[in-house]
Amino acid sequence: MSDEAQPYPHKAFESKWRSYWKEQGLHEPDLDNPDDKLYTLVMFSYPSGDKLHCGHWYNFGPTDTWARFQRMTGKDVFEPMGFDAFGLPAENYAIQHGVHPDKSTQDNIDYMRKQLRQIGAMYDWRNEVDTSDPEYYQWTQWLFLKLYEMGLAYKQKAPVNWCPSCETVLANEQVIDGLCERCDSEVQKKKLEQWFFKITAYADELLEGLDRIDWPEKTKAMQRHWIGKSVGAEMLFSLSENPETTINVFTTRPDTIYGATYLVLAPEHPLVAKITTDEQADKVSRYVKKAEQTSDIERLAEDREKTGVFTGAYAVNPFTEEEIPIWIADYVLYTYGTGAIMAVPAHDERDFDFARKFELPIVEVISPDGEPHGVDKCYSEPGILVNSGEYSGTKSEDAIKKIAADCEERGIGKASVQYRLRDWLISRQRYWGAPIPVVYCGDCGTIPVPVDDLPVELPRDLNLRDTRDSGLAPLGHSDKFLNTECPECGQPAKREIDTMDTFVDSSWYFLRYVDSHYDDGPWNPERVKKWLPVDQYVGGAEHATMHLLYARFVIKALYDADLLHFDEPFQRLLHQGTITKDGAKMSKSRGNTVSPDEFIDDYGSDIFRMYLMFMGPYEDGGDWSDKGIVGINRFVNRMWRLVETNASTPQETCSDDDLVRIMHNTIKSVREDTADFKFNTAISRIMEYVNVLYKQEDAIAQDNLDVLARLIAPFAPHFGEELWAKLGNDPSIFQQELPEYQEELLQEETVTIVVQVNGKVRGTFNAPVDSEKDTLQDMALDQENVQKYTDGKEIIKTIVIPNKLVNIVAQ
């Protein structure tokens with residue numbers, strides 16, 4: 001078939017079909033009466049000042065292909081879209097450009113909405129969400145009040161990461177090598193009054209729920225590690241010079257107590273100042289200050305060189321009754337366990353490295369076989385106790401229980417469970433966020449704002465540039481906002497001037513989507529019962545221990561409040577990979593970003609979308625190539641010419657058995673691969689099918705072309721619609737079902753069998769598919785050329801692989 005024809009006119013057809021979909025409401029499911037519902041969701045976009053880039057497209061386009069595919073299999077698909085519009089980057093962008101963040105954010109949303117429509121996705125724009133809209137954030141404030149009512153929101157003074165440039169608190173995850181991830185300023189440690197959500201109250205539930213959801217195992221492992229459940233014991237060590245003062249340590253290995261040769265306190269531990277001797281005070285003070293500037297994540301890095309300082313004080317090991325030195329080191333966190341550990345260098349890698357560096361004693365107390373082996377290296381596995389007094393010869397698992405029980409009986413300890421997880425710090429000293437709905441009254445104290453008074457709206461009378469470098473959160477500069485009346489007594493009161501972490505906004509947005517204009521509550525309860533939880537969620541793996549964990553916590557709390565019928569928000573999760581350019585991650589600083597707009601103008605959104613999916617496995621990503629998209633453009637135009645040339649074919653049904661078999665195999669492969677997000681291999685199968693159709697000498701039958709149009713439609717929705725219409729069908733193709741394959745038509749009627757004699761190929765023959773082994777053996781021995789090598793010889797063995805091979809061993 002000739003390739004001579006006009007190229008596919010994408011500009012005219014893409015706008016045409018988007019208008020048609022909108023007019024017909026094809027992307028608007030009946031949210032009150034779903035039939036076989038499928039709630040498909042991507043993590044919503046962040047309009048901080050940038051337009052949509054390739055990373056957004058890689059999240060949104062392929063996921064929409066999967067959603068369209070599911071719709072064509074009969075699912076009632078709901079695919080919403082919105083904007084995570086609050087946050088520091090949006091605020092900084094507005095300040096830099098001298099505009100109010102509301103205006104700059106809305107301008108960016110308008111532009112991004114236009115870009116999102118170009119994708120041709122099935123977004124139900126009736127229920128768009130904008131987290132910076134008071135209609136939305138009044139319910140974020142309601143969520144705060146509900147958690148406060150449940151005892152899950154509280155305020156206390158705590159050490160925090162402070163960015164002096166951004167003038168706000170940062171989460172541990174936002175501190176990279178001691179610097180702010182947003183502006184690269186050196187992060188300081190401060191103690192501030194902050195609001196927290198008590199996520200630690202749900203540590204066990206968060207762990208248990210991971211076993212009931214279909215998420216990547218790596219993401220589950222990251223959450224388990226972040227929660228960090230440790231089962232062990234707390235033990236009391238008395239100070240040598242003041243036995244009444246004790247240090248409470250937590251250990252997961254009480255069986256190693258006889259090997260505890262020193263203690264380590266976190267630099268922030270309140271006992272450090274009390275026990276440090278005058279001789280060591282200066283060294284200790286300098287070390288504590290240095291530790292304050294280091295993030296918890298850096299301090300826990302396994303490959304980081306161990307540092308520490310001796311306090312000059314000693315404690316007594318309660319089992320060996322020996323004096324052991326007390327050190328401070330930043331690899332111990334005050335926020336984990338008790339902020340103090342007993343160091344057992346023979347059986348803990350970190351302690352071993354520390355002891356080697358500072359020449360501290362190393363005593364072997366656990367052995368794999370109950371015999372001493374020395375301490376040339378750390379042995380951290382369970383085993384049999386040695387050098388452990390009355391417990392020597394006891395297995396670790398038994399000794400752990402016995403020693404913990406003995407500690408409790410002696411009044412020097414108890415069995416204990418600890419978690420690495422810390423409560424969620426939600427206070428932010430910035431303007432562009434949901435105000436925390438609390439007032440402070442001199443008579444009544446801390447008073448939550450009544451629900452009927454929500455939203456507590458952001459003031460519009462601030463020039464944000466004037467609030468910088470003041471040491472006061474921006475909302476504190478607005479007298480109109482700050483000064484109010486106490487809801488309890490009516491006396492003058494002050495509002496809370498911190499805003500909420502934007503992760504609070506995104507912890508529940510998926511509930512709002514089903515009816516984003518619902519006035520009687522944060523979500524429409526009837527629709528939530530019909531659509532939630534989310535069936536398929538797609539987004540970046542970088543959110544594993546923040547957004548994805550916070551959303552799970554919030555939903556579990558709302559479930560316990562009898563407000564929801566489910567306790568896990570996302571049943572299935574997938575992480576898309578990363579798009580690179582010339583092997584490097586795309587970034588403005590590298591100058592290697594790719595603008596979708598330029599390529600969409602040249603090739604159309606369908607071709608751009610298809611190229612992203614064809615680059616590699618979706619969960620891995622791929623490297624962008626300008627030449628690569630040319631290849632997809634050529635493929636789409638081949639399909640266009642194929643249909644244009646054969647659209648008026650009188651033959652409706654294909655009569656070529658080989659072509660029928662290829663068609664059904666293509667349908668099977670594309671359905672299976674697309675269902676598993678294997679878009680690149682699904683597109684490859686369609687390419688192979690097109691190549692076969694091009695080789696046909698006769699006109700191509702209508703059913704071959706109908707199948708092609710329906711298979712390509714989820715990948716190139718505008719193009720699929722136009723092919724369908726050109727073949728004489730009524731729109732929309734997305735109201736059609738995907739073609740089904742027939743199992744009996746997948747295989748050839750006969751297959752070629754290879755015959756080997758003593759490992760060498762001696763012939764071939766054709767046999768019916770799935771012939772019995774005995775039949776194939778007989779047919780192989782009947783081959784004339786095979787008989788030349790078997791006559792007069794004894795057949796020792798015959799190996800038959802059905803549909804492939806007969807191997808004869810003769811001598």
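Which residue forms a salt bridge with Asp204, and how far apart are the closest N and O atoms?

A: Lys229 forms the salt bridge with Asp204, and their closest N and O atoms are 3.1 Å apart. Lys229 lies in strand E10 (residues 229-239) and Asp204 in helix H6 (residues 203-209), so the pair ties together parts that are 25 residues apart in sequence. A salt bridge here is a side-chain nitrogen of Lys or Arg within 4 Å of a carboxyl oxygen of Asp or Glu. Helices (H or I, at least four residues) and strands (E, at least two) are DSSP runs, numbered from the N terminus.

Both partners are partly exposed: Lys229 has 43% relative accessibility, and Asp204 has 37%. Buried means under 20% relative accessible area, exposed over 50%, and partly exposed in between (1.4 Å probe, protein chains only).

A word on the basis. This is a predicted model: local features need pLDDT of at least 70, side-chain atom pairs count only at pLDDT 80 or more, and totals for chains, interfaces and linings use all residues. Residues are numbered from 1 along each chain as its sequence is written, and side-chain values use heavy atoms, with hydrogens and water left out.

The search of the whole structure finds 38 salt bridges. One of them joins Glu722 and Lys16, at 3.0 Å from N to O. Glu722 lies in helix H24 (residues 717-726) and Lys16 in helix H1 (residues 10-24), so this pair ties together parts that are 706 residues apart in sequence. Glu722 is buried, at 6% relative accessible area. Lys16 is partly exposed, at 38%.

Arg113 and Asp110 meet at 3.0 Å, N to O. Both lie in helix H4 (residues 101-118), 3 residues apart, about one turn of the helix. Arg113 is buried, with a relative accessible area of 18%, while Asp110 is partly exposed at 42%.

There is also a network of salt bridges. It links Glu208, Arg212, Arg552, Lys556, Asp567 and Glu568.

Now the charges overall. The chain has 86 positive and 136 negative side chains. Lys and Arg count as positive and Asp and Glu as negative; His and the chain ends are not counted. The centres of the two sets lie 3 Å apart, with each charge placed at NZ of Lys, CZ of Arg, CG of Asp or CD of Glu.

Next, the wider fold. The chain holds 26 helices and 34 strands. Of its 811 residues, 55% count as buried. Its C-alpha atoms fill a box of roughly 100 × 85 × 50 Å along the principal axes. Among contacts (heavy atoms within 4.5 Å) with a separation of 6 or more, 72% come from residues 24 or more positions apart.

One more charged residue deserves a look. Arg527 is found in helix H16 and is buried, at 14% relative accessibility. Leaving aside residues up to four places away in sequence, Arg527 touches Leu31, Asp32, Val514, Asp515 and Leu532. Leu532 is itself joined to Pro533 by a cis peptide bond, with omega about 5°. Pro533 lies in the loop between helix H16 (525-531) and strand E26 (536-538).
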